[in-house]
Structure formats: C-alpha cells, structure tokens
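Let's take a guided walk through a protein model together. Keep the 3D view open and look for each part as we come to it.

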Amino acid sequence: MPLTRMVLVTQLSSERMVQALNRIGLRVAMDVAYNHVHGSGPSDEFSVLDKVKIVRGYYLRRDADGNIENSTCCNNTANEHYMVERIIVDDLLNWAVKYKVRAASELCSLTKVPNGIDGSSIYLYCEGWDFGEVAKNGRGINASQLNLGGTCIGSFNDRIWDEVNGGSPFGDPLQQGFATGLALQPNGHDHGVQGNAERMLAISKDHIQERVHFHNTGPSSVPGVIVMSIEDSNAGKQGTCQLDPKYSLVVVVVNVQPAEVSLSIPALQSSSLLLHPVQVSSSDNIVKSSLYEPSTWGFTIPARTTAVFVEPRQT
C-alpha cells in the first residue's frame, strides 16, 4: 500500500476509534511527546524539522557550542521558539477538533459552533519535570510542577508514580514499588521510601497531618491494601478551613492483591461514604462493584483496583 494511502487509512481508523469510545461514554486522552523528535540534521532518514532549509536548526534546542540538547533522551525541540510553540498548538487543535481527543491548552476557546467541540471539556496535563538545560527556568518559564499552580493544567506526579511502581525508567530494576511487590513480596532492596516521604511532608507537615490519615496499618493490617482518608473541616475541627464545597471526606482504597479484599476501618465508623460519582457512572463494572458498608465500617474492593469514596457535605 502506498504511504499516502496508508496514512489516510490510519487517520480514518483513528477517528472512528475515538468516536466509538466517545459513544460509550469514555473520554480519550492522548500522550504526545512534543519535547523531542527521533531524528535531526539534513541527512538523517527520520529527520523532519531540520529539513526545512530556510530555518534549518531553528526547531531544535542548542547548547552554547551549537550542539543539539538531548536531556529528554534525544533531539530536544526548542519550544521556547514561537514557531515551535505554534506547531504544538496547531497539532493539539487538530487532535481536538478533527479526532475529538479530550485532553489537550489554547483549547478553551473552542465552541460547538463552528469548531464542533466544547473546549471547556478538554483537560490538559503534562509531565512537569524540572531538569536539563531548562531547569530553574533556564530557557524561560517552563511548565514545571512548581510553576503550574493556578494554570488549571495538571501534572504527572513522578514521586507518587515512583513509590507505587518502583524506581524510575532509568533506575535500578530491583527497586520495587507498592504495586510491584514491595508490600507483599519485597526483594530486600534499599528503596529509600522513608526519606522521600519525609521530604514530601516537610513543607507543610502539620497542615497535612491535620487532614490526611492512613488506615490499615500495624501488625493486623491487611497486606497489599492502602487506605487513605482526607478530611475537609469534617466535624468542624478547629484550625482547618473548608477547601471543598461538595465533600467533607474523601477515602481512597488501593488494593494491589490479585483477589478481592474486605476490611473494616473503625476510625471511619461515623462516616456516610459513597462511591465517587465518576466511578459510579463509569463503564468499568469492576470498580463499580466496590462497596462501603456503614454498619460494619467495611470496604469490599475488587482485585487490583483503586476505589474512591466520598462523604457529601451536609447542607
């Protein structure tokens, strides 16, 4: 099949796939690596941007000696340059308008007429790491986790990811995380979890400890299950302000066991918890079977499932 024909078939298949997912109530998010490209230079088989002869070298970020920066792993794009930013924005618009992908900035201005999509329903998130030549805003204000506050742009949390999955893409393969056996079958590797947790809590430790609590701890705990609760002025506690107008308590239960688990949390006995509406209305019948029984303060969570329960605020 000719390349142009193959591209057209792939585009049509992608459009139909996203449309089918939207019809059954699933929103489609897309992970795109705009920060690097596979090839560079005028002769590389996979080079694209450097073959624009008029502005050769413009689209890729250079160091002081003129070499291409590779901190992202290969051929960093210079998104601090106007036309590189323009390519990214135009591509996002294309995915949102043509393909109806619901995760991508400059999209809030889109409307049903004439664009055919409601831009306010699109969620934008990124990997807000602060490293390499752009660290500490070295090439202008960058989208690091420290800079994203108030932008309504979400950020991938690498610290939580590392603790759950273990290590990092470039770390020791023996470094387990909670979901990869640390809780149930630890391999004896020094994981450094405690040090990371202490650093995370250091900034506002007292404030966090007033609201965040971990249950299912100690020698009688159920292995492979994390239960975390976050209180928001529940029971009118002194010194804590109300943050959320809708819920007074959120409980997250993570079950990494290969089987369903049931456990009771006495500390939550006065709670009126319900499965989060997003999970109730989802198409995932497994997570929808998660239960909380107020009379026994008991949770029943399916295998390898994370369930979120909320207590609606009394009005």
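Predicted model: local features only at pLDDT ≥ 70, side-chain atom pairs only at ≥ 80, totals over all residues.

## The chain as a whole

The chain has 315 residues, and buried residues make up 29% of them. Its secondary structure comes to seven helices and 10 strands.

What about the surface? The chain exposes about 19700 Å², and 58% of that area is supplied by carbon and sulfur atoms.

## A sheet of three strands

Now find the open sheet whose strands run in the order S6-S9-S8, with antiparallel pairing. Strand S6 (261-264) and strand S8 (291-293) stand at its edges. Each of these two has a single partner strand, so one side of each is left without a neighbour in the sheet. From one strand to the next, the twist averages 15°.

What holds such strands side by side? Strands of a sheet pair through backbone hydrogen bonds, either parallel or antiparallel. Here, S8 and strand S9 (residues 298-301) pair in the antiparallel sense over three bridges. To see the two strands facing each other, look for Glu-293, which stands opposite Gly-298 in S9.

## The largest nonpolar core

The largest nonpolar core has 16 residues. Which of them touch the most other members? They are Val-251, Val-253, Leu-273, Phe-299 and Phe-309. Several strands give two or more residues to this core: strand S4 (225-231), strand S5 (247-255), S6, S9 and strand S10 (305-312). S5 gives the most, with three residues.

Leaving out residues up to four places away in sequence, Val-251 touches a list of residues including Val-227, Met-228, Leu-268, Leu-273, Phe-299 and Phe-309. Ser-229, Ala-307 and Val-308 are also among the residues that Val-251 touches.

## Rings that pair up

Next come the aromatic rings, which form six pairs in this model. Trp-129 lies in the loop between strand S1 (125-126) and strand S2 (154-155), while Phe-156 is in the loop between S2 and helix H4 (158-165), so the pair ties together parts that are 27 residues apart in sequence. Trp-129 is partly exposed, with a relative accessible area of 33%, and Phe-156 is partly exposed too, at 26%.

The rings of Tyr-292 and Phe-299 have centres 4.7 Å apart and planes at 45°, so this pair is tilted. Are these two residues buried or exposed? Both Tyr-292 and Phe-299 are buried. Finally, ring pairs link Trp-129, Phe-131 and Phe-156 into a cluster.

Glu-15 has its place in helix H1 (residues 3-23). Why does Glu-15 count as buried? Its relative accessibility is 18%, and the cut-off for buried is under 20%. Setting aside neighbours within four places in sequence, Glu-15 is in contact with Lys-98 and Tyr-99.

Tyr-82 belongs to helix H2 (residues 82-98). With 55% relative accessibility, Tyr-82 counts as exposed. How far apart are Tyr-82 and Tyr-59 in space, C-alpha to C-alpha? They are 9.6 Å apart in space and 23 residues apart in sequence.

Notes
Residues numbered from 1 in each chain as written. Heavy atoms only, no water. Phe/Tyr/Trp six-rings, centres within 6.5 Å; stacked < 30°, edge-to-face > 60°. Helix = DSSP H or I, 4+ residues; strand = E, 2+ residues; numbered from the N terminus. Buried < 20%, exposed > 50% of the residue type's maximum accessible area, 1.4 Å probe, protein only. Pairing = 2+ DSSP bridges. Axes fitted to C-alpha atoms, helices over the stretch in contact; angles between N-to-C directions. Areas by Shrake-Rupley, 256 points an atom, 1.4 Å probe, with all protein chains shown as cover. Core = buried A, V, L, I, M, F, W, Y, C linked by side-chain atoms within 4.5 Å. Contact = heavy atoms within 4.5 Å.
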